[in-house]
Amino acid sequence: PKSPREWKRPESQVLSSVVGGAESALVGDAAQTPLRADGGVQTIEFSFEAGKSPQGITFVFKDTSNSAWYKPDSGNFCVPVSEAGRAAMDPKSPREWKRPESQVLSSVVGGAESALVGDAAQTPLRADGGVQTIEFSFEAGKSPQGITFVFKDTSNSAWYKPDSGNFCVPVSEAGRAAMD
């Protein structure tokens, strides 16, 4: 998926939502909007109708005294505006480790007990016809994006994970999209 920091032409709802009379001028695929002096601080304010805000606002700064452009090395500045925008800005890859949510721990089927050890849950696999398994069951609409895990060999305490980080199995549509 596209990074929220990638440049895209501003939507008309963003251009028309500037508060305080600043006029946006479209120049190619960019909108140039002057900042407003507010007690020695330069500001710009947006106001969106309920439910009609974009995911975020992507921008760079232009110094009008010398026409220099300023942006971070990671691309462009981006401020999330909606919940979807905040989720898209989450810098963590689905393969990066994070403490398991309680809904994941409580969703293990078959009586296996998860033990929290620091930021990890250690859950024994269940023998099922010569195969070691673990099964999760989530309420409709309450599944996480995915389950991130590594394997531990209890005979020698060795940890196994792929070179790309950790194993990650997407559980929801949002999780599958994040893995693309």
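Visitor: Where does Ala-115 lie?
Guide: Ala-115 lies in strand β12, which covers residues 115-117. This is a predicted model, and every value I give is computed from it.

Visitor: Which residues does Ala-115 touch?
Guide: Leaving aside residues up to four places away in sequence, Ala-115 touches Ala-120, Ala-121 and Gln-122.

Visitor: And how far is Ala-115 from Leu-105 in space?
Guide: C-alpha to C-alpha, Ala-115 and Leu-105 are 9.0 Å apart. In sequence they are 10 residues apart.

Visitor: Before going on, what is the mean pLDDT of the chain?
Guide: The mean is 75, and 82% of the residues reach 70 or more.

Visitor: Which elements have the lowest and the highest mean pLDDT?
Guide: Helix α2, residues 83-89, has the lowest at 65. Strand β18 has the highest at 83. Where pLDDT is low, the predicted coordinates should not be read in detail.

Visitor: OK, β18 then. What is in it?
Guide: Phe-151 lies in strand β18, and its ring takes part in aromatic pairing.

Visitor: How many aromatic pairs does a search of the whole structure find?
Guide: The search finds 5 aromatic pairs. One of them joins Phe-149 and Phe-151, with ring centres 5.4 Å apart and planes at 80 degrees, so this pair is edge-to-face.

Visitor: What other pair does Phe-151 form?
Guide: Phe-151 also pairs with Phe-167. That pair is edge-to-face, at 5.5 Å centre to centre with 65 degrees between the planes.

Visitor: What does that pair tie together?
Guide: Phe-151 is in strand β18 and Phe-167 is in strand β20 (residues 167-170), so the pair ties together parts that are 16 residues apart in sequence. Phe-167 is partly exposed, with a relative accessible area of 28%. Phe-149, Phe-151 and Phe-167 form one aromatic cluster.

Visitor: What is the phi of Ser-157?
Guide: Phi of Ser-157 is near 60 degrees, a positive value in a residue other than glycine. Most residues other than glycine have a negative phi. As for cover, Ser-157 counts as partly exposed at 45% relative accessibility.

Visitor: Changing topic. What share of the chain is buried?
Guide: Buried residues make up 12% of the 180 residues.

Visitor: What does Val-14 touch?
Guide: Not counting residues up to four places away in sequence, Val-14 touches Phe-46, Phe-48 and Pro-54. The C-alpha atoms of Val-14 and Ser-47 are separated by 8.7 Å, and these two residues are 33 apart along the chain.

Visitor: How many helices and strands does the chain have?
Guide: The secondary structure comes to 4 helices and 20 strands.

Visitor: And what share of the contacts links residues 24 or more positions apart?
Guide: They account for 45% of the contacts with a separation of 6 or more. As a spatial example, Pro-80 and Gly-56 are 24 residues apart along the chain, with C-alpha atoms separated by 4.0 Å. Pro-80 lies in strand β10, residues 77-80, and counts as partly exposed at 28% relative accessibility.

Visitor: What is the accessible surface of the chain?
Guide: The surface comes to about 12,400 Å², of which 52% belongs to carbon and sulfur atoms.

Technical notes
Residues numbered from 1 in each chain as written. Predicted model: local features only at pLDDT ≥ 70, side-chain atom pairs only at ≥ 80, totals over all residues. Heavy atoms only, no water. Helix = DSSP H or I, 4+ residues; strand = E, 2+ residues; numbered from the N terminus. Buried < 20%, exposed > 50% of the residue type's maximum accessible area, 1.4 Å probe, protein only. Contact = heavy atoms within 4.5 Å. Areas by Shrake-Rupley, 256 points an atom, 1.4 Å probe, with all protein chains shown as cover. Phe/Tyr/Trp six-rings, centres within 6.5 Å; stacked < 30°, edge-to-face > 60°. pLDDT = per-residue confidence, 0-100.
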